[in-house]
Amino acid sequence: MELWQQMIRDSIHSVDQLVEKFGIDRSVAEKLDEFFQARINPYYLGLIKYPGDPIWRQCVPDEMELEDMDGFEDPLHEDEMSPVPNITHRYPDRCLFLVTSQCGMYCRFCTRKRKVGNSDKISMKQLESAFKYIESHKEIRDVILSGGDPLMLTDYLLERILSRLREIPHVEIIRLGTKMPCVLPQRITPKLCEMIKKYHPIYVNTHFNHPWEITEESTKACSMLVDAGCPVSNQAVLMKGVNDDPEVMKELLLKLLKIRVRPYYLFMADETKGAMHFRTSIDKGLEIMDRLRGHISGLAIPHFVIDTPGGGGKIPMLPDYVLHKDSDKIILRNYKYENFIYRDTHNSNGEDNGKKTVVNKSNGKSKKSKELSASKITQLQYNEN
Ligand code: SF4
């Protein structure tokens with residue numbers, strides 16, 4: 001047994017352990033166990049600093065889960081978009097391939113509580129209809145292995161899946177959606193990396209939510225994946241009491257860049273039954289994004305998205321940078337709340353366009369106008385708008 005497998009075996013998962021370790025009332029612990037089981041491996045447990053901290057909130061079952069019943073079992077309608085078992089095909093050129101129901105830790109905010117943790121094993125035979133579906137849909141050029149966590153599979157099983165996918169000519173890229181670098185970095189072994197290298201291009205989407213998750217161990221895991229040729233990006237979820245603070249988010253994003261992980265998405269928490277208490281307001285998310293753009297490198301800034309209920313897909317959310325738009329121009333504000341006019345294209349050749357001019361610093365303090373291009377535009381009528 002490999003170290004990571006031993007750590008899974010040594011995880012906190014039983015009602016007795018929840019009562020003893022976290023002081024949860026037994027009857028509540030039993031209900032929580034029935035609703036969505038716990039798995040807290042020794043590594044992630046060791047990141048907790050105090051009860052109720054951002055790490056604790058992500059992994060320790062909470063009575064609030066039992067009160068959050070106005071969410072949805074399947075908020076993203078993944079099951080409705082599943083043409084064959086284990087495949088969700090929402091976007092034209094890519095599909096989600098659920099290869100296991102197991103994870104290195106069971107996150108209390110998980111969108112797939114309905115599936116995850118289910119001990120039914122998925123066999124290769126069971127995956128056959130999914131392979132056949134991908135084979136017969138030539139428009140699928142990108143397959144995202146998810147679950148559960150695909151890195152819960154042994155190297156042997158994972159390699160069987162990767163090699164099978166690589167036999168399909170139209171599958172150009174494969175993505176591994178895995179939280180292991182964050183919750184159980186010991187899973188990233190030299191043997192795993194050597195195996196993955198044979199099946200490039202493989203991208204890794206991981207999932208860090210808080211700066212405390214960036215440790216010596218997780219840094220090493222991400223470095224190994226990058227050194228093995230996998231671009232690694234991060235999908236975080238905005239959560240109350242975890243990372244709904246601009247400074248915490250900024251620290252997380254900058255630390256991710258330092259370990260060569262590119263922030264990719266920041267999701268609004270889905271409307272999931274049992275996880276509604278993690279949700280923040282959209283305004284909070286926009287405020288955080290406003291405090292990031294321009295203040296830190298664009299490399300560190302994720303797309304802030306709502307994965308729309310009903311299977312509408314991801315829709316990007318931006319703070320209001322456009323103050324006015326008409327057929328000739330657009331008026332924008334920058335991260336310092338200074339306003340700018342940018343002339344729009346008037347003809348198909350795009351001549352004499354694209355000149356940027358600052359017309360006003362209307363942040364309530366300065367009204368000084370400043371020209372940035374050779375072309376002078378006087379549009380003072382917009383100055384106070
Ligand atoms: S690792 Fe992903 S799929 Fe597994 S419990 Fe966490 S959020 Fe859900």
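The model is a predicted one.

**The sheet.** Begin by selecting the strands β1 to β9. They form an open sheet of 9 strands, ordered β1-β2-β3-β4-β5-β6-β7-β8-β9, in which the pairing is mixed. At the edges are β1 (87-88) and β9 (313-316), each of which pairs on one side only.

**Strands β4 and β5.** Next, select residues 173-177 and 202-206. These strands, β4 and β5, run parallel and are joined by 4 bridges. Within the pair, L176 is placed opposite V204 of β5.

The peptide bond between H200 and P201 is cis, with omega about 0°. Is P201 buried or exposed? It counts as exposed, because it has 12 C-beta neighbours inside 10 Å, and a residue is exposed if that number is 12 or fewer.

**The ligand shell.** Select the ligand together with C103, Y106, C107, C110, R112, V116, G147, G148, D149 and K179, the residues around it. By class, this shell comprises 5 nonpolar, 2 polar and 3 charged residues. Two of its members, G147 and G148, are linked by a cis peptide bond with omega near 15°. G148 belongs to the loop between β3 (142-146) and α7 (155-166).

**Helix α12.** Select residues 282-292 and look down the axis. Buried in this helix are G285, I288, M289 and L292. Their directions fall within an arc of 100° around the axis of α12, so these buried residues line one face of the helix. Among the elements covering them are β6 (232-238), α11 (246-258), β7 (262-268) and β8 (303-308). Just after α12, G294 has a positive phi of about 90°.

**Two residues with positive phi.** Most residues other than glycine have a negative phi. Select N86, in the loop between α5 (54-59) and β1; its phi is positive, near 75°. N86 is buried, with 21 other C-beta atoms within 10 Å. Finish at R260, located in the loop between α11 and β7. R260 is not a glycine, yet its phi is positive at about 65°. With 14 C-beta neighbours inside 10 Å, R260 counts as partly exposed.

Technical notes:
Residues numbered from 1 in each chain as written. Predicted model: local features only at pLDDT ≥ 70, side-chain atom pairs only at ≥ 80, totals over all residues. Near = placed C-beta within 6 Å. Nonpolar A, V, L, I, M, F, W, Y, C, P; charged D, E, K, R; others polar. Buried ≥ 20, exposed ≤ 12 C-beta atoms within 10 Å, placed from the backbone. Arc of directions from axis to C-beta. Contact = placed C-beta atoms within 7 Å. Pairing = 2+ DSSP bridges.
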